[in-house]
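Open the model in your viewer and keep the sequence panel beside it. This tour tells you what to select at each stop and what you will find there.

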Amino acid sequence: MATLKSISIRLKSVKNIQKITQSMKMVSAAKYSRAERELKQARPYGEGAKQFYEKAEVTAPTEAPQKLIIAITSDRGLCGAVHTGVSRNIRNELAESGENTKVVCVGDKSRAILQRLYSKNIMMVANEVGRKPPTFLDASKLTIAVLNSGYEFNAGKIVYNRFKSVVSYNTQDIPVFGLSSVQAAPKLDTYDSLDSEVLQSYIEYSLASLLFYAMKEGACSEQSSRMTAMDNASKNAGEMIDKLTLTFNRTRQAVITRELIEIISGASALSE
């Protein structure tokens with residue numbers, strides 16, 4: 001049977017944890033409202049960039065394509081299965097066709113999950129993600145790092161979490177293409193006066209736009225998921241506090257009753 005001291009120590013620790021989770025929930029709620037507001041402004045960037053590839057009917061080459069997968073996560077946890085879903089999607093694809101495929105991990109969480117089995121496929125890792133809201137400058141820096149890495153890809157995708165509601169999101173991917181794939185598009189003639197230099201400039205800008213859009217979607221999904229997770233953790237801590245309080249009171253009552261029995265027994269023995 002647990003002693004009163006051990007129960008009181010555990011009760012105090014659970015109360016401290018509840019204070020932390022409640023504070024994290026309030027902080028995540030404030031960050032979520034800002035992330036949702038900024039996401040509405042960022043969605044045209046992603047939708048506009050995707051429209052070009054769809055209208056031109058750009059497709060990946062069928063013969064041994066050099067693939068690039070960009071995982072949009074962050075450095076911070078305690079937000080449910082947000083990062084796990086992205087990493088699982090990439091891990092399943094690498095298990096099927098891992099050759100000629102490189103991965104760019106945006107955030108330490110995806111790197112920590114993927115490096116156990118697919119460390120050779122990881123090309124680079126972007127750190128310090130999630131502490132502040134993502135900006136277009138961050139997406140531009142990441143785009144420059146990817147294009148200057150020396151890895152010439154002709155097809156790939158950005159795997160991210162698309163925000164749906166406060167309690168819902170799903171893992172999706174956005175296709176990205178290299179210059180050779182865009183030049184071979186059947187309906188590229190729809191757009192006039194597109195030489196290789198203009199196409200290269202647009203590919204760089206569209207990749208930055210898609211990364212910015214995906215990072216905004218991921219940030220909003222992460223904050224909403226963290227807010228929900230911390231709310232559930234606070235409720236669980238409250239239930240545990242109630243159970244520990246009841247156990248503490250019962251144990252204290254049992255100790256008092258035992259001491260009274262010992263006093264009465266001792267007094268009866270002396271009177272005899």
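**Charges and overall form**

Start with the charged side chains: the protein has 36 positive and 28 negative ones, and the centres of the two sets lie 11 Å apart. Lys and Arg count as positive, Asp and Glu as negative, while His and the chain ends are not counted. Each charge is placed at NZ of Lys, CZ of Arg, CG of Asp or CD of Glu.

A word on the source: this is a predicted model, where local features need pLDDT of at least 70, side-chain atom pairs count only at pLDDT 80 or more, and totals for chains, interfaces and linings use all residues. Residues are numbered from 1 along each chain as its sequence is written, and side-chain values use heavy atoms, with hydrogens and water left out.

Now show the C-alpha trace. Along the principal axes, the C-alpha atoms fill a box of roughly 115 × 40 × 25 Å. The radius of gyration is 28 Å, whereas a compact globule of 272 residues would have one near 19 Å. That radius is taken over C-alpha atoms, and the globule rule is 2.2 Å times the number of residues to the power 0.38.

Switch to cartoon. There are six helices and five strands, in the order α-β-α-β-α-β-α-β-β-α-α from the N terminus. Helices (H or I, at least four residues) and strands (E, at least two) are DSSP runs, numbered from the N terminus.

Colour by burial next. Buried residues make up 39% of the 272; buried means under 20% relative accessible area, exposed over 50%, and partly exposed in between (1.4 Å probe, protein chains only).

**Stop 1: the nonpolar cores**

Select Tyr-53, Ile-70, Ile-72, Ile-158, Val-182 and Leu-211. Of the 35 residues in the largest nonpolar core, these touch the most other members. Such a core is a set of buried Ala, Val, Leu, Ile, Met, Phe, Trp, Tyr and Cys residues joined through side-chain atoms within 4.5 Å. Helix α6 (196–271) is among the elements that each supply at least two residues. The largest share, nine residues, comes from α6.

Then select Ile-69, Ile-90, Ile-122 and Val-159. They are included in a second, separate core of eleven residues.

Go back to Ile-72. Leaving out residues up to four places away in sequence, Ile-72 touches Val-86, Val-106, Ile-158, Val-159, Tyr-160, Leu-211, Ala-214 and Met-215. Contact means heavy atoms within 4.5 Å.

**Stop 2: Lys-50**

Move to helix α1 (residues 4–55), where Lys-50 sits. Is Lys-50 buried or exposed? Lys-50 is buried, at 18% relative accessible area. Beyond residues up to four places away in sequence, Lys-50 touches Ile-174, Leu-210 and Tyr-213.

**Stop 3: Ser-221**

Select Ser-221 in helix α6. Ser-221 is buried, with a relative accessible area of 0%. Setting aside neighbours within four places in sequence, Ser-221 is in contact with Val-82, Asn-161, Arg-162, Phe-163 and Tyr-169.

**Stop 4: two loops with positive phi**

Find Leu-78 in the loop between β1 and α2 (82–96). Phi of Leu-78 is near 55°, positive in a residue other than glycine. Leu-78 counts as exposed at 58% relative accessibility.

Finish at Glu-128, in the loop between β3 (122–126) and α4. Glu-128 is not a glycine, yet its phi is positive at about 55°. With a relative accessible area of 55%, Glu-128 is exposed.
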